Structure formats: structure tokens, C-alpha cells
Amino acid sequence: THFGFQTVKESLKAGKVAEVFSSVASSYDVMNDAMSFGIHRLWKDHFVRSLNPGRKSGGSPMAILDVAGGTGDIAFRMLDHADKINGDRETTVICADINADMLKEGEKRAQQQGYISTNRISFRVENAETLDSIPDNSVDLYTISFGIRNVTRIPMALKAAHRVLKPGGVFACLEFSKVSPAPLDAIYQQYSFSIIPLMGQLIAGDRDSYQYLVESIKKFPTQQEFAVMIKEAGFMNVGKGYEELTFGVASIWKGVKP
Ligand code: SAM
């Protein structure tokens, strides 16, 4: 892409997110590993383990919706966990994303992993703000991983999550957050604003998209503020509302639809 600085700023409000992710889709998985030194895998593993997806003894299979699912990192982990930990091969995941190019990478992976023929995973172009094709009260577990900060109107996405979840259903979000203590944050800011765009340039040939990603992290609300937004959308916060990972580089928020 050829985002000038102006356009990068624009993209934050105008929903040009789609273009950013089209341009990073093919290098997305490699870049994630490079930028986070592979730690995003540990966060995602922890996120999925903490949700323990799949049928519990005597229960039914789950209907999971992974929003901003991209190339399927969370969706595949959900299915693996349901199968290996809960012996459940019936739980299904819809991987929904606004960007067809990201989903295409996910579909390739589903093909490689033999999931495509099982009907356990499907890929759907959907905007998190509306989730048009997802019926009310139809989802047991809604996940969104490193996606919510890209959504233009976050309260609308939270409302849509609330609409599609069944009563008792769980909303779970994994996202970058604020680092503490302050000296560590200073190092982190230095790293993210200088090294990540450079890595984007060297590895993916795309500095501007990664500059945008770093800026979007900075703009996202604090852990506490986002917990309040989740509550305002009608959820009951789980515990204090969030769990910090790696000094707050990322956090997990959970809510239950009453
Ligand atoms: N969930 C995956 C993961 O954890 O690796 C992908 C995260 S990727 C950083 C962010 C994704 O959010 C992109 O695939 C992008 O297309 C998607 N996205 C951005 N805005 C969206 C929206 N309004 N609705 C649905 N998906 C959106």
C-alpha cells in the first residue's frame, strides 16, 4: 500500500482498516511472530485454555463465533482444544472478519489442516459492528482477538456481541493494552514506535501498515476503561473485568450476558 502519513491518520477513523489488512494478509502470520518474539502464541494459547471451549460432560457442543478472526489463529485453537481436552468434535466455530483476504489465508490453513471437509469451521465476511448474518441469542462463546481496536465504533461491536450471544453466553476479548510500570512502558513505546515499523518494512515491505498498527494500540482505552465499556454494553464483568498478560502488553477481558 502507499499510505502517506495523512492517510494513516485518516485510516484510524475512516475504516480503511480493510486496506491495511489486505496488504498484510500474506505476511500476517510471520510478522506476528517477529514482532512479539512468538509470545502472541502463548497469549492465544492461554486465552483459549482459559475459555475451555467444547462440550462438557452432559452438555451440548458449543456454537463459537470468532470475530475479526483473520487467518484463524483463535478458531483453530478452539477446535483443537475442544477435541483434545474435551473430546468434542461437534463444536463449531464461525471465523468472521471484515476482510476477505485475511479469511482466504485462514481457509488455506483450514484446507491444510483437514478441517474444511468437517463443517466445524466456516469463514464469513462480517462487520463486527453489525454481525448481520448472525441471529440473536445464537452464540455460546464470542471471541475477538487483536481485533477490537481496529473496529471504528467499538460500542456498536459490543452491542452486536451482546445481541448474538445466548443468555449466559461469554464475551471474551484479547487485545493489546497499557504496560506498567512506567519505566517498562518507556522501553515498550520505544520498541513499538521504532522497531515495529522497521520490521514491517524489512519483513513485509510495508512500513505504513505497521505504523498504523502501533498507533492503533496507543489509542485503545485503558484496561479499566474498556472493562467499563463492556459493562455498559450489558455484560456482567468477570472478576475485576480483565487479566493482564506480560506486564499489560496484552490483556484479556471477559463478560457474561445475563
Ligand atoms: N484474530 C486474529 C488473531 O488474533 O491473529 C486476527 C487479528 S488481526 C490483528 C485484526 C483483524 O481484524 C483483521 O483481520 C481485520 O480485517 C479485522 N477487522 C478489522 N475491523 C473489523 C471489523 N469492523 N469487523 C470485523 N473484522 C474487522
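These legends go with a set of close-up views of one predicted model.

**View 1**

**View 1. Strand β5 and the partners on either side.**
Strand β5 covers residues 165-176 and pairs with β7, residues 250-256, in the antiparallel sense, with seven bridges. To follow that pairing, look for phenylalanine 176, which stands opposite alanine 250 in β7. Another spot to check is alanine 172, which is opposite lysine 254 in β7. With β4, strand β5 runs parallel, and six bridges join the two. Here leucine 141 faces valine 170 in β5 as its opposite residue. Is β5 mostly covered or mostly open? Mostly covered: nine of its twelve residues are buried.

**View 2. The β6-β7 hairpin and its turn.**
Now slide along to β6 and β7, which run antiparallel and are joined by six bridges. Asparagine 237 stands opposite glycine 255 in β7. The two strands form a hairpin with four residues between them, and in the turn threonine 246 has a positive phi of about 50 degrees. Phenylalanine 247 also lies in the loop between β6 and β7. This residue has a positive phi too, about 60 degrees, although it is not a glycine. Why does phenylalanine 247 count as partly exposed? Because it has 14 C-beta neighbours inside 10 Å, and partly exposed is the class between 12 or fewer (exposed) and 20 or more (buried). Strand β7, meanwhile, is mostly covered, with six of its seven residues buried.

**View 3. Around the ligand.**
There are 20 residues around the ligand, and the ones that come nearest are Ala68, Gly70, Asn99, Ala128 and Ser145. Which elements give two or more residues to this shell? They are α2 (17-24) and α5 (73-86). Sorted by class, the shell has ten nonpolar, seven polar and three charged residues.

Find arginine 153 in the loop between β4 (139-145) and α7 (154-164). Its C-alpha atom is 6.9 Å from that of glutamate 129, although the two residues are 24 residues apart along the chain. Arginine 153 has 13 C-beta neighbours inside 10 Å, so it counts as partly exposed. Next, go to asparagine 137 in the loop between β3 and β4. Asparagine 137 isn't a glycine, yet it has a positive phi of about 50 degrees. Is asparagine 137 buried or exposed? It counts as exposed because it has 11 C-beta neighbours inside 10 Å, and 12 or fewer is the cut-off for that class.

Zoom in on the peptide bond that joins serine 180 and proline 181: it is cis, with omega about 0 degrees. Proline 181 lies in the loop between β5 and α8.

**View 4. Where the two domains touch.**
The protein is divided into domain 1 (1-36 + 180-218) and domain 2 (38-177 + 220-256). Their C-alpha centres lie 22 Å apart. At the contact, 18 residues of domain 1 meet 18 residues of domain 2. On the domain 1 side, the elements that give two or more residues are α2, α3 (28-36), α8 (182-204) and α9 (207-219). Which of them gives the most? That's α3, with five residues. By class, this side of domain 1 has eight nonpolar, seven polar and three charged residues.

Notes: Residues numbered from 1 in each chain as written. Predicted model: local features only at pLDDT ≥ 70, side-chain atom pairs only at ≥ 80, totals over all residues. Near = placed C-beta within 6 Å. Nonpolar A, V, L, I, M, F, W, Y, C, P; charged D, E, K, R; others polar. Pairing = 2+ DSSP bridges. Domains from an automatic or database assignment. Contact = placed C-beta atoms within 7 Å.
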